[in-house]
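Subject: Structure for your review

Dear colleague,

Please find below the structure I am handing over to you. My findings follow it.

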Amino acid sequence: MRAPELVGDVWLNTGGSRITLAELRGRITILDFWTSGCINCLHVLDELRPLEEEFADVVVTIGVHSPKFLHEGETAAIEAAVRRYEVHHPVLNDPQLTTWSQYAVKAWPTLVVVDPEGYVVHVAAGEGHAEALRRVIGELVVKHEAKGTLRRGGSPYVAVEEQQTELRFPSKAVATAEGRVLVVDTGHHSIVEFASDGETVVRRFGSGARGAQDGPFDVATFTEPSGITLLPNDVAERAGYHAVVADTAGHRLRGLDLNTGEVTTVAGTGRQWRNGTDSGKALDVDLTSPWDVAWWAPAGGVVVAMAGNHTLSVFDPVTGGIRRFAGTTVEGLRDGDVTEAHFAQTSGLTPDGDKLWLADSETSALRWIEPSGEAFTVHTAIGVDLFSFGHADGPADEALLQHPLGLAVLPGSTIAIADTYNGAVRRYDPFTRLVTTLATGLQEPSGLLLHDGELLVVESSGNRIGAIPTDETADVAGDALAVRRPPTVLAPGEVEFAVVFTPPPGEKLDSRYGPSTRLEISASPPELLADGAGVGTDLVRKIRFAEGVTEGVLQVVAQAASCDDGGEHPACRITRQDWGVPVRFEAGAGKVLSLMMAGEPR
């Protein structure tokens, strides 16, 4: 297949130049279809960094930013995201999903490899494809060097000049008993401690470099930390530290001793969780993008929003253990018992007595968990599904948010919501179930803190923290919006469903210890599927849609284990992807649905 031309509205990291495929002829091109609010896309950015360095003279990476939310398609938003996540390759903003559609992409993230002659030779959806890409690139280098079609050297990337600010894309904040404010300074890979005036810097935990080094506050390093919580005094005394930091891109939890300034790793190995147990001794368990943390007594520890696999964990600072608390790893919005509930990139947590409030960013939802006998139950206050969002006040059943990231409890147990992509702070009253707007015109508010009677807002892309009034509200009657991604049109009734996975060169499926693949299918609403839901080991199955249902979302999680072909102790890898596929039914449409996880396009 000849690669379609790259079409969008703005090019970033190119010095203002537009790039055509003709200019890339002779180079191996990786197209990374991503969107800035997608955690799996952020994982892929990290996976690509070593490959970009290793093959710098033959590979050009082009990020094709294909927004899910309306805000993500705005030029200022993508410019901020490129700087926030230190993207060092050209990026094309594709707000109308034109290039996305031309390449028949169906999931965030998706990687497409174009060879030096301009042909699509490999497609991979999801994350965990770094080694496969390395092998594909290696084969292309050998092949095209022999043909004389490989061109080395040169890069279209042009770095953007950075402005120096005290804070760089901060995310969350907490206040100590002494009145000092700790702000998670994500873009500077550090935690800033401000005096009670909120302006004077007392000290900074973290040298500013990316990393995972423990030690004194000015030597330690973090990697894009996002969340922070303070421990109760008695727990802090037994644990040996006072605050827990969600070191998001480092896949760790870090402990801060506010007396000595010492930083220690208290959970996580630094490897990203992909499969297997996520419970046990915390320092031996892989984590996946912990985004926020909150001490919540009913759960018996620090609740961790594990954004990377849409679950919640509980970390016990005293025993040093961690365990799965809620979620199944399926992305979605489903209430009920915590062990069966679905979450979608939980990014904000705040406790209020026996309730734990949470912001589910990808479903634009406000939810809460509370004890129910010996178990815990999840409820939804605001939110519909993975594809509905907007800015609308009024009754909670009709209210809409857009990718909220932070929460705070206000006097009277009303809930303040950092409605990030709407640039607003909203308020939800659990007693009247009404939603109002407290402030608008903010720059990606991501964290909230009630401090000395003031509501402080952490404006991430504004690089600041400041107060807003809470005594005046407005009612916004905005439109209901939906993800622009076109639905897949299918015939009603029975459909042949398949996930395509082809091991990369030099690998084979690993069936030594049982089936090498796993497929889980569910739906929103659940009644969309009459047959075919559930977990199995085959990547192909028949599914049947219920009569009378006209549209919905098919939720798919696929996984494959592959190993090096040969050798006594072959290296093995897990490839995993989840899709939320919007579907619509029309008589006479296709009866086959195939999703590409990895392989050559057909």
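A nonpolar core is taken here as a set of buried Ala, Val, Leu, Ile, Met, Phe, Trp, Tyr and Cys residues that are joined through side-chain atoms within 4.5 Å. Please bear in mind throughout that this is a predicted model.

**Nonpolar cores**

The largest nonpolar core holds 44 residues, and the members that touch the most others are Leu6, Leu31, Phe33, Trp34, Ile62, Tyr103 and Val112. At least two residues of this core come from each of β1, β2, α1 (39-54), β3, α2, β4, β5 (110-114) and β6 (120-125). Helix α1 makes the largest contribution, with four residues. Another core, of 28 residues, lies apart from this one and includes Val495, Trp579, Val583 and Phe585.

As to Ile62, its contacts beyond four places in sequence are Leu6, Trp11, Ile19, Leu24, Thr29, Ile30, Leu31, Asp32, His89 and Pro90.

Helix α2 spans residues 75-84, and its buried residues are Ala77, Ile78, Ala80, Ala81, Val82 and Arg84. Among the elements that cover them are β1 (10-12), β2 (28-34), β3 (59-65) and β4 (91-93). After α2 comes Glu86, which has a positive phi, near 55 degrees.

Helix α4 comprises 18 residues, 130-147, and extends 26 Å from its first C-alpha to its last, close to the 26 Å expected at 1.5 Å a residue. Its buried residues are Ala132, Leu133, Arg135, Val136, Ile137, Leu140, Val141 and His144. Gly148 follows α4 and likewise has a positive phi, near 80 degrees.

**Aromatic pairs and charges over rings**

The model contains 11 aromatic pairs. In one of them, the ring centres of Phe33 and Tyr103 are 5.6 Å apart and the planes meet at 55 degrees, so the pair is classed as tilted. Phe33 belongs to strand β2, while Tyr103 is in the loop between α3 (98-102) and β5; the pair therefore ties together parts that are 70 residues apart in sequence. Both Phe33 and Tyr103 are buried.

Trp100 and Trp108 form a further tilted pair, with ring centres 4.7 Å apart and planes at 40 degrees. Trp100 is buried at 2% relative accessibility, and Trp108 is buried at 10%. Elsewhere, ring pairs link Phe69, Phe389 and Tyr421 into a cluster.

Charged side chains also sit over rings. The charged end of Arg2 is placed over the ring of Tyr119, at 4.1 Å from the ring centre.

**Cysteines**

How many disulfides does the model contain? The count comes to one, and this disulfide joins Cys563 to Cys572 with an S to S distance of 1.9 Å. The torsion about the S-S bond is about 105 degrees, so the disulfide is right-handed.

With kind regards

Note on methods. Residues are numbered from 1 along each chain as its sequence is written. Side-chain values use heavy atoms; hydrogens and water are left out. A disulfide is a pair of cysteine sulfur atoms within 2.5 Å. The expected span of a helix is 1.5 Å times one less than its number of residues. Buried means under 20% relative accessible area, exposed over 50%, partly exposed in between (1.4 Å probe, protein chains only). Contact means heavy atoms within 4.5 Å. Rings of Phe, Tyr and Trp (its six-membered ring) pair if their centres lie within 6.5 Å; planes under 30 degrees apart count as stacked, over 60 as edge-to-face and the rest as tilted. A charge sits over a ring if NZ of Lys or CZ of Arg is within 6 Å of the ring centre and within 35 degrees of the ring normal.
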